[in-house]
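Me: I have a model to go through. Could you show me how to read its features?

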Amino acid sequence: MIDLKTLPVTVDDVMDAAEMLDGVIAKTPIEQSRALGRMTGSEVYFKCENLQRAGSFKVRGAYVRMARLTEEEKARGVVAASAGNHAQGVAVAAARLGIKARIYMPLGVALPKLAATRGHGAEVVLHGTNVDEALAEAERYAEQTGAVFVHPFDNADIIAGQGTIGLEILEQIPHVDTIIMGVGGGGLLAGVATAVKARAKELGRDIKVIGVQAENAAAYPPSLAADALVPLKKVSTMADGIAVGRPGQLPFSIIRELVDDVVTVSEDALARALIFMLERAKLVVEPAAAVGVAALMEGVIENPGTTAVILSGGNIDPMLMLKVIQRGLFASGRFLSVRIMLDDRPGSLAKISRIIAESDANVTRVDHTRIGGSISMGDVAITIDIETKGHEHCELVLGSLRAEGFQPVVVH
């Protein structure tokens, strides 16, 4: 058994951070999800960091890191890089502490996140096509100017600040058995594990701490298997808040000792989880915050018992939400888009509409074209978007069309 006091961040560090954050951040609420509890056969609670200041947990670590700077360091200002949440956390903390902040964000960053970061008073510089390039530029700026670089996850003060969420969960749900959260660089997971495992040891009980990554941005499973940092060659996920290609060295050193497991979920599972959060939990969260919900819905975590899922943030771009909702409906079998080739004769489209209506499905859009490389003279291609009631209903609609001689091809 590892001595928890020998780790680079201890529960005492987290408790000091909690004292520092008192009166600065919100003690976010816990909401029980009976619907998700019925799916898993256990009690499930949401820790709503989507309702935190600046819309995510990031302000916790950012404030602790910056509050501990010397007066001389504060005078030099801070610099950071982020696609959104860390940027807003640093901006809010800087405004509270009276520190000048310069934030590098990648080109193409979501406009709401860009506007919010500027709205909190930070200077924003757009650079690079991804967060890694923005990070490299921020580090160069720090070296050139003497500004203090505030890393999003690879720092002891950042980890201690994020770990205060674990202390709050134990206070709000004393009987919790499992705590689940998304993982990018690892600062949140490392901090919560540090606090929770130490307190569990004091109480003489076991509390599982589990991280979840999007399967196309999952650097931790191979790194843990190799017991060394394994960078990914490519990262591709809608969960931009955890789209990190290489674990942080400091978080990794804690996670490999304390965390029970790191699991992965697919993009479709993530989309379904976001739909569930909107429809059943009545909560708006970003994709990175929904990975824990997706893991429970997919059954990849066995016997979780009383479970707390950390909803890490709610800063979702409305344009991304539109795409995610459509993907989530498709993944749930509640949306179907088909392409059908027809003879260009009167009545063909009416016949298809009748078949769909008799199958108790609803047409929401029709695209009709006679021009295209694969369309012969005398033919027409139609693409129909259909509202359905599940995967079995989708198969019923497709089967009814085929039975009448049509050859529908699913295109979405």
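Reply: Start with surface patches. Patches are made of residues with over 30% relative accessible area and no salt bridge; like charges are joined within 9 Å, nonpolar side chains (Val, Leu, Ile, Met, Phe, Trp, Tyr) within 5 Å. This is a predicted model: local features need pLDDT of at least 70, side-chain atom pairs count only at pLDDT 80 or more, and totals for chains, interfaces and linings use all residues. Residues are numbered from 1 along each chain as its sequence is written, and side-chain values use heavy atoms, with hydrogens and water left out.

Me: Which residues gather in a patch of negative charge on the surface?

Reply: Asp12, Asp16, Glu19 and Asp22 do. Glu19 sits in helix 1 (residues 11-21); helices are DSSP runs of H or I, at least four residues, and strands are runs of E, at least two.

Me: Is Glu19 buried or exposed?

Reply: Buried means under 20% relative accessible area, exposed over 50%, partly exposed in between (1.4 Å probe, protein chains only). Glu19 has 64%, so it counts as exposed.

Me: Which residue has a positive phi of about 65 degrees although it is not a glycine?

Reply: Ala54. Ala54 lies in the loop between strand 2 (44-48) and helix 3 (58-67). Ala54 is buried, because its relative accessible area is 17%.

Me: What about Asn303?

Reply: Asn303 is not a glycine either, yet has a positive phi of about 45 degrees. Its loop runs between helix 13 (291-298) and strand 10 (307-311). Asn303 is exposed, at 68% relative accessibility.

Me: How is the protein chain divided into domains?

Reply: Domain bounds come from an automatic or database domain assignment. Here they give domain 1 (11-56 + 155-328), domain 2 (59-149) and domain 3 (333-410). The C-alpha centres of domain 1 and domain 3 are 41 Å apart.

Notes:
Areas by Shrake-Rupley, 256 points an atom, 1.4 Å probe, with all protein chains shown as cover. Salt bridge = Lys/Arg side-chain N within 4 Å of Asp/Glu carboxyl O. Lys, Arg positive; Asp, Glu negative; His and termini not counted. Charge placed at Lys NZ, Arg CZ, Asp CG, Glu CD.
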